[in-house]
Amino acid sequence: MRVVFAGTPEPAVPSLRRLIESEGHEVVAVVTRPDAVAGRGRKLLRSPVGQLADEHGIPVFTPRKPSEPEFVAALTELAPDCCPVVAYGALLPQQVLDIPAHGWINLHFSLLPAWRGAAPVQAAIDAGDDMTGASTFLIEAGLDTGPVYGVMTEKIGLTDTAGELLARLAEAGAVLLEKTLDGVEDGSLQAIPQSNDGVTYAPKVTVEAGRIGFDEPALAIHRHIRAVTPAPGAWTEVNGLRLKLGPVEMVEETLPEREIQVRKSGVFVGTSTTAVRLGQVQPPGKKMMNALDWARGARLAPGTVIG
């Protein structure tokens with residue numbers, strides 16, 4: 001099939017790469033979000049998907065809104081058979097959805113109808129799910145409500161961060177997306193409407209949502225830090241200074257809630273249940289470091305609290 005691929009961040013790259021290398025599909029163009037300012041130099045940078053397209057000489061469209069007349073006209077002229085989508089990051093108007101003969105087929109990183117929305121991987125870890133996966137579905141007007149073509153499953157490890165889990169799903173999901181397009185092209189695959197039961201939502205995770213309060217249960221803290229790692233990142237405050245946090249380890253003993261205890265074996269913090277041992281931390285203006293090195297340098301007074 002002639003396809004126009006839509007995607008933006010790194011997790012979309014494996015799918016685009018697989019379609020470029022496939023024998024059955026021709027990527028005639030790529031749609032991605034506009035170049036964005038990033039880094040210390042504040043330079044305009046192409047999205048990861050846009051960079052891969054450039055490397056292969058594939059035309060790239062970067063409309064601020066997919067409803068822009070110039071983009072609609074260009075897409076209409078290309079007349080793609082299908083538009084596969086992976087984390088594009090913009091809402092598609094109906095006039096754009098109607099252009100490809102087989103519609104826009106989205107690879108979503110959850111087992112729909114669970115965790116519709118922007119952050120399904122983070123939500124699954126935060127909720128303590130044992131299993132997640134990816135789904136391919138036909139995009140319609142509703143938020144991730146379209147009929148499903150195929151699914152794949154992936155176990156969530158006890159120490160998985162969102163970044164680690166998403167990387168695995170991106171690779172396995174790329175295979176699912178290619179097989180979905182194969183089935184759509186030869187007519188062997190039909191989309192099945194989603195169930196009305198088990199619908200959950202995963203809104204975008206904000207920087208503020210990464211704040212960790214140690215007055216919560218240890219298990220909830222353990223999950224939440226993993227869910228927001230690496231982005232937007234977990235953080236808290238100690239003595240009025242912001243401290244970035246890596247994943248923590250749960251331990252059996254109980255300590256006063258929010259109190260920090262520094263020992264030879266590590267830095268421990270009390271929660272509303274059992275304590276946790278801090279792993280890597282990042283104080284202001286410094287790189288990530290072992291929590292014990294940070295605590296020794298910070299010279300924390302006895303009874304110092306966190307969060």
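Tutor: In what follows, a contact means heavy atoms within 4.5 Å. The model is predicted, so local features need pLDDT of at least 70 and side-chain atom pairs count only at pLDDT 80 or more, while totals for chains, interfaces and linings use all residues. Residues are numbered from 1 along each chain as its sequence is written, and side-chain values use heavy atoms, with hydrogens and water left out.

Student: Which residues is asparagine 106 in contact with, leaving aside its neighbours within four places in sequence?

Tutor: Asparagine 106 belongs to strand β7, residues 104-108; strands (E, at least two residues) are DSSP runs, numbered from the N terminus. Once neighbours within four places in sequence are set aside, the contacts of asparagine 106 are Val85, Val86, Ala87, Ser135, Thr136, Phe137, Ile139 and Asp144.

Student: Is asparagine 106 buried or exposed?

Tutor: Buried means under 20% relative accessible area, exposed over 50%, and partly exposed in between (1.4 Å probe, protein chains only). Because its relative accessible area is 9%, asparagine 106 is buried.

Student: Is glycine 240 buried or exposed?

Tutor: Glycine 240 sits in the loop between β10 (234-238) and β11 (241-245). Because its relative accessibility is 61%, glycine 240 counts as exposed.

Student: What separates the C-alpha atoms of glycine 240 and glycine 307?

Tutor: Along the chain, glycine 240 and glycine 307 are 67 residues apart.

Student: Of contacts between residues at least 6 apart in sequence, what percentage joins residues at least 24 apart?

Tutor: The protein has 307 residues, of which 45% count as buried. For contacts between residues at least 6 apart in sequence, the share joining residues at least 24 apart is 65%.

Terms used
Helices (H or I, at least four residues) and strands (E, at least two) are DSSP runs, numbered from the N terminus.
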